[in-house]
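Here are a few notes to read alongside the model. Have a look at it first, then go through the points.

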Amino acid sequence: MAVTETSATEAPREFQSGVANSVLHINDVHKSFAGLHALSDVDLAVREGETHAIIGPNGAGKSTLLNVCVGRLKPDRGSVTFDGEILTGKEPHEINQLGVARVFQTPEVFPDLTVLENVMVPALSKRDGHFTLNPFKRFGAETRLRDEAEATLKSVGLQGQLTALASSMSRGDKRRLELAMGLIQHPRLLLLDEPTAGMARHDTNATIDLLKQIKEGGMTKVIIEHDMHVVFSLADRISVLAGGRIIAQGTPEEIKNNPKVKEAYLGDEEV
Amino acid sequence: MFSQSRNDWLLFIGFSIAVLCAPILMEPFGGNYPDLLQKLAIFGLFAIGFNILFGLTGYLSFGHAAFIGVGSYVSIWSFKLLTMNAIPAVLFSVIIAGVFAFLIGYVSLRRSGIYFSILTLAFAQMCYSLAYSVLTPITNGETGLQLRALRTNPDLGLLDADIRVLDQALGIQETSVPTPNFFGLQTSGYEGFYFCAVILIVGFFIAQKITNSNFGMMLKAIKSNQNRLNYTGIHARPYLLAAFVISGMYAGLAGSLMAVTDPIAGAERMQWTASGEVVLMTILGGVGTLVGPVLGAGIIKYAEQKVSSWNEGIISDFFSFLPAGLQDFTASFVSLFVGEGWHLTLGLLFMVIVIFLPGGMMEGFRRIVGLFKRPNDNDTVSNSATAQPAE
Ligand SMILES: Nc1ncnc2c1ncn2[C@@H]1O[C@H](COP(=O)(O)OP(=O)(O)O)[C@@H](O)[C@H]1O
Ligand SMILES: [Mg+2]
């Protein structure tokens, strides 16, 4: 709640000075894999509370950019800062503890744990920090935490599968589970890598509704998405990545009408 | 699913009763003698602890026998220097094994998978060879560390004469070389078994708590998807180190009980075969289950005692119903697998389990129970759902 108020009161200043109110700064990031420039000169500022979409053709470097943000990859040059903290060089768990959660492109869950356990683990991590030695505290005995986990699972539509093993779920359900794993941490920044890929239209719409709801809560989101329907329903601003470079940035309207974007990306899809 | 604490208690009580009744249960199998019963309890404890690391986190250590050795040596030293009472021996063994586990774990856990296993193996082999070389003033080398009479001649070293300062201060009289005791109760024979049995039950209780705790869930999450866990804000390494130290302490405890029930310590306990054996026990019984490792330990130790005591004569008698020529052939073939050939049997058993029943005996039981449940699936599900809260 406090977050919403802040961004509301400071909104005018934000408009005056472009990046003043941004929480995530990606500064001049380069990353190459054996000579392949996956990212070059990438500068990006994500404002507090906004939903920032990153679009671009396959292999443009979108996932690589998120990997640099969460500490999976070290950039060759440049840095990423989140709310004044330099993320570059930090371990993934440290970055998460700062309030950055990530939903992966290929669903990453705990296959041998139940759906409820999958969500309880990030909830415990959020509450107890990166390490707590409590070998005698019964898992699941704290009803408040469990109720919250169940409520989160309900919000993504998985309430009927609490005791199912995650490995037995469909790809679309795993995605929703991963979304719940991110949401239960109430992250300040949620990074979503194609959260609706592989979902049926109906589920995609449900996910859009859910993400819109969270937006009202003031959570900052970066979303990579191929589905233009999703992008234009959710995004406040869009960055277009092609060949590892940001070729355009702006509001959905601006991007729709940008000839460079049409050529590089939108041309071969729809519009 | 979370209101299982009643089921946990039932499991615990059932386990305790089975352990305390082990002499009766082993009677029909010809296994009711203290030496074997003690072994069952001690290796059961070792396997329970090993399972906290291997079963929960999936990290396979090939060096846990080193902590058995540490536990044994520390206990004997406690007997030599302080008192014949088993309690300080057990406590010191657990603590010092924990310190060793911390150091070895700290280094080995820099790597995962096969590299972790190899590092633990290397450390254990180092401990083993150190015990025979540089550390002989502490381990007494190949002779093994033994209890001695109290020092009367001040020229004698501590390997050849004991001091037992606590017992001396308390004015406890010693005639010849004393035996370990638990406040006057001896810790060999059946008393020794019950001493170990009570500790096994406590060890089981603690392992059960750990398995069902928040901490235990993190260990299971490490096994399931360690990479994901990192991005969930959990630092896996301290969890792994804690699990490594806890399982090392269980191993130290087991080593200590070996010394308590039979006060001599030798480095052969640290050999890699002993580390490998506990892996077999855990897999045979059922990795990641609470009861499985104890079951596996029991079966392997029982079979070892029985099978390795058979010789060609016994086998030949057993096959006496066959025609003479066939009897000789069968007997000489089977005798390959008994006596000295016990490890051959063990290897075969292990292969059969891993290929046909990778979840171990516990999975076997579950399958058997499943066979009986299958026909009226809906009934049993609703029955058990309603029956459980009523209990
Ligand atoms: N770990 C890696 N090693 C080598 N090449 C990689 C790696 N990750 C990504 N790439 C390459 O970098 C480019 C960008 O990949 P990616 O960021 O996954 O694209 P996308 O925009 O589709 O998410 C691709 O050409 C891909 O093959
Ligand atoms: Mg991608």
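The points below cover chain A, a metal site and a pocket.

1. Ground rules: this is a predicted model, where local features need pLDDT of at least 70, side-chain atom pairs count only at pLDDT 80 or more, and totals for chains, interfaces and linings use all residues. Residues are numbered from 1 along each chain as its sequence is written, chains are lettered from A and ligands numbered from 1 in the order in which they are written, and side-chain values use heavy atoms, with hydrogens and water left out.

2. Chain A has 271 residues, and 52% of them count as buried (under 20% relative accessible area, 1.4 Å probe, protein chains only). You'll find 11 helices and 10 strands in chain A (DSSP runs: H or I, at least four residues, for helices; E, at least two, for strands).

3. Now the magnesium ion (ligand 2): A:Ser63 (OG) and A:Gln105 (OE1) coordinate it at 2.0 to 2.1 Å (donors are N, O and S atoms within 2.8 Å of the metal, or 3.2 Å for Na, K and Ca; water is not among the atoms, so the site may look incomplete). A:Ser63 belongs to helix α3 (residues 62–70) of chain A and A:Gln105 to the loop between β6 (100–103) and α5 (115–128), so the pair ties together parts 42 residues apart in sequence.

4. Over in chain B, α13(B) gives the most to the lining of the second largest pocket, with seven residues. Among the residues nearest the centre of this pocket are B:Met26 and B:Val294 (a pocket is an open set of points on a 1 Å grid over the protein atoms alone, where a 1.4 Å probe fits, with protein on both sides within 12 Å along at least five of seven lines; lining residues have an atom within 4 Å of a point).

Note on methods: Buried < 20%, exposed > 50% of the residue type's maximum accessible area, 1.4 Å probe, protein only.
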